[in-house]
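The following exercises concern side-chain contacts and solvent accessibility. Please work through each task before reading its solution.

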Amino acid sequence: MGKESMGKKKPRPRRSFTPEFKAEIVELCQRGDRSVGQVAKDFDLTETAVRDWIRQAEVDTGDREGLTSSEREELAALRRENRRLR
């Protein structure tokens, strides 16, 4: 790909996915039949998004340090409430 075409990529519209869909994608990646890149390509997803879902799933199962999904939701709700109260 030449330099002149680098900046011409159209921004991808932001899509949202159900937790069930994300869990299926994570499971496919963890099964090991296909690479993360291949799974992302097969489902027209960005590799970055898929890797983020895998990372979050590992946090949720306790295999990685960080905030679980429910803790993230609670934090977001508390922040919204704080903004509203200000």
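**Exercise 1.** Does arginine 64 count as buried, partly exposed or exposed, and at what relative accessibility?

*Solution.* The model is predicted: local features need pLDDT of at least 70, side-chain atom pairs count only at pLDDT 80 or more, and totals for chains, interfaces and linings use all residues. Residues are numbered from 1 along each chain as its sequence is written, and side-chain values use heavy atoms, with hydrogens and water left out. Buried means under 20% relative accessible area, exposed means over 50%, and partly exposed lies in between (1.4 Å probe, protein chains only). Arginine 64 has a relative accessibility of 39% and therefore counts as partly exposed.

**Exercise 2.** Which side chain meets that of arginine 64 in a salt bridge?

*Solution.* A salt bridge requires a side-chain nitrogen of Lys or Arg within 4 Å of a carboxyl oxygen of Asp or Glu. Arginine 64 meets glutamate 58 in this way, at 2.9 Å from N to O. Glutamate 58 is partly exposed, with a relative accessible area of 21%. By the rule, the count comes to six salt bridges.

**Exercise 3.** How are arginine 51 and glutamate 47 placed in helix α4?

*Solution.* Helices (H or I, at least four residues) are DSSP runs, numbered from the N terminus. Arginine 51 and glutamate 47 are four residues apart in helix α4, so about one helical turn separates them. Their side chains form a salt bridge of 2.8 Å, N to O. Arginine 51 is partly exposed at 40%, and glutamate 47 is partly exposed at 36%. Helix α4 also holds aspartate 52 and arginine 55, three residues apart, whose side chains meet in a salt bridge of 2.8 Å, N to O.

**Exercise 4.** How many aromatic pairs does the structure hold?

*Solution.* Rings of Phe, Tyr and Trp (its six-membered ring) pair if their centres lie within 6.5 Å; planes under 30 degrees apart count as stacked, over 60 as edge-to-face and the rest as tilted. The structure holds four such pairs. In one of them, the ring centres of phenylalanine 17 and tryptophan 53 are 5.3 Å apart and the planes lie at 70°, so the pair is edge-to-face. Phenylalanine 17 lies in the loop between α1 (3-6) and α2 (19-31) and tryptophan 53 in helix α4 (residues 47-60), so the pair ties together parts 36 residues apart in sequence. Tryptophan 53 is buried at 12%, and phenylalanine 17 is partly exposed at 25%. Phe17, Phe21, Phe43 and Trp53 form one aromatic cluster.

How values were computed:
Helices (H or I, at least four residues) and strands (E, at least two) are DSSP runs, numbered from the N terminus.
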